[in-house]
Amino acid sequence: MTAPRTPSGWPALVLNADFRPLSYYPLSIWPWQDVVKAVWQDRVDVVSVYDKVVRSPSMEFQLPSVVSLKTYIDQDRSPAFTRFNVFLRDGFTCQYCGHAGELTFDHVVPRSHGGRTTWENIVAACPPCNLRKGGRTPLQAGMPIRHAPRRPNSWQLQDAGRRFPPDYLHNSWLDYLYWDIELEP
């Protein structure tokens with residue numbers, strides 16, 4: 001896929017100071033305007049550039065395609081408990097039937113039975129399964145869970161995100177996105 005010819009179509013992959021992407025899903029990319037500002041403020045190093053130039057009356061600037069932060073951002077922090085992160089943890093599939101379409105989230109132990117909204121009690125569910133389960137536990141509803149819900153760490157979510165590549169990957173990004181996967185002999 002070729003990138004559009006407008007500057008808005010020229011985002012940059014953002015790497016941490018250790019040259020790993022800040023996140024895989026959603027992929028850590030910034031619009032070209034934010035990248036130019038970060039370069040100007042000396043917050044990033046330019047690793048690779050597009051063959052695209054932007055101009056102002058006093059200067060011209062080749063647009064970066066890959067930048068790395070000058071300051072390392074710790075990736076060991078606990079991931080936020082969000083609907084998106086629950087879906088990512090569960091592989092964007094219903095944890096009852098395996099359907100990979102529209103999803104909601106379901107309380108394994110219903111709130112009416114004292115269930116809480118936590119990593120350990122929420123799973124991704126398709127609307128039909130969520131409705132079928134109703135206010136019952138999976139055991140009561142005869143609906144076993146494919147993977148027991150648990151709190152992921154940031155590395156587990158990053159690993160899960162690699163299974164869902166974005167629609168557009170510039171060639172200059174590939175070495176930085178997949179450099180730590182096992183190579184086939």
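Accessible areas come from the Shrake-Rupley method with a 1.4 Å probe, and for residues only the protein chains shown count as cover. The views below show a predicted model, in which local features need pLDDT of at least 70 and side-chain atom pairs count only at pLDDT 80 or more, whereas totals for chains, interfaces and linings use all residues. Residues are numbered from 1 along each chain as its sequence is written, and side-chain values use heavy atoms, with hydrogens and water left out.

**View 1. The protein chain as a whole.** The accessible surface of the protein chain comes to about 11200 Å², and carbon and sulfur atoms account for 54% of that area. Of the 185 residues in the protein chain, 40% are buried (buried means under 20% relative accessible area, exposed over 50%, and partly exposed in between, with a 1.4 Å probe and protein chains only). The secondary structure comes to 6 helices and 6 strands, where helices (H or I, at least four residues) and strands (E, at least two) are DSSP runs numbered from the N terminus. Along the sequence these elements follow the pattern β-β-α-β-β-α-β-β-α-α-α-α. Among contacts (heavy atoms within 4.5 Å) between residues at least 6 apart in sequence, 61% join residues at least 24 apart.

View 2. An open sheet of 4 strands runs in the order β2-β1-β4-β3 with mixed pairing, two strands being paired if DSSP finds at least two bridges between them. The edge strands, each pairing on one side only, are β2 (29–30) and β3 (44–55). Helix α1 (residues 32–40) packs on this sheet and touches β1 (12–15), β2, β3 and β4, and its direction makes about 85° with that of β4 (axes are lines fitted to C-alpha atoms, for helices over the stretch in contact, and angles run from 0 to 180 degrees between N-to-C directions). Strands β3 and β4 (residues 60–69) pair in the antiparallel sense over 8 bridges, and Arg-55 stands opposite Glu-60 in β4.

**View 3. Aromatic pairs.** The whole structure holds 3 aromatic pairs, taking rings of Phe, Tyr and Trp (its six-membered ring) as paired if their centres lie within 6.5 Å, with planes under 30 degrees apart counted as stacked, over 60 as edge-to-face and the rest as tilted. One of them joins Trp-10 and Tyr-50 in an edge-to-face arrangement, at 4.7 Å centre to centre and 75° between the planes. This pair links distant parts of the chain, since Trp-10 lies in the segment before β1 and Tyr-50 in strand β3, 40 residues apart. Both Trp-10 and Tyr-50 are buried. Phe-84 and Phe-92 also form an edge-to-face pair, with 5.8 Å centre to centre and 65° between the planes; Phe-84 counts as partly exposed because its relative accessibility is 32%.

**View 4. The surroundings of Trp-155.** Trp-155 is placed in helix α5 (residues 154–161) and, at 38% relative accessibility, counts as partly exposed. Leaving aside neighbours within four places in sequence, Trp-155 is in contact with Arg-20, Gln-75 and Asp-76. The C-alpha atoms of Trp-155 and Ser-78 are separated by 9.6 Å, although these residues are 77 apart along the chain.

View 5. The structure holds 0 disulfides, a disulfide being a pair of cysteine sulfur atoms within 2.5 Å. The closest cysteine sulfur to that of Cys-94 is in Cys-97, at 3.8 Å, which is too far for a bond, and Cys-94 is buried, with a relative accessible area of 0%. For Cys-129 the closest cysteine sulfur belongs to Cys-126, at 3.6 Å and again too far for a bond, and Cys-129 is buried at a relative accessible area of 7%.
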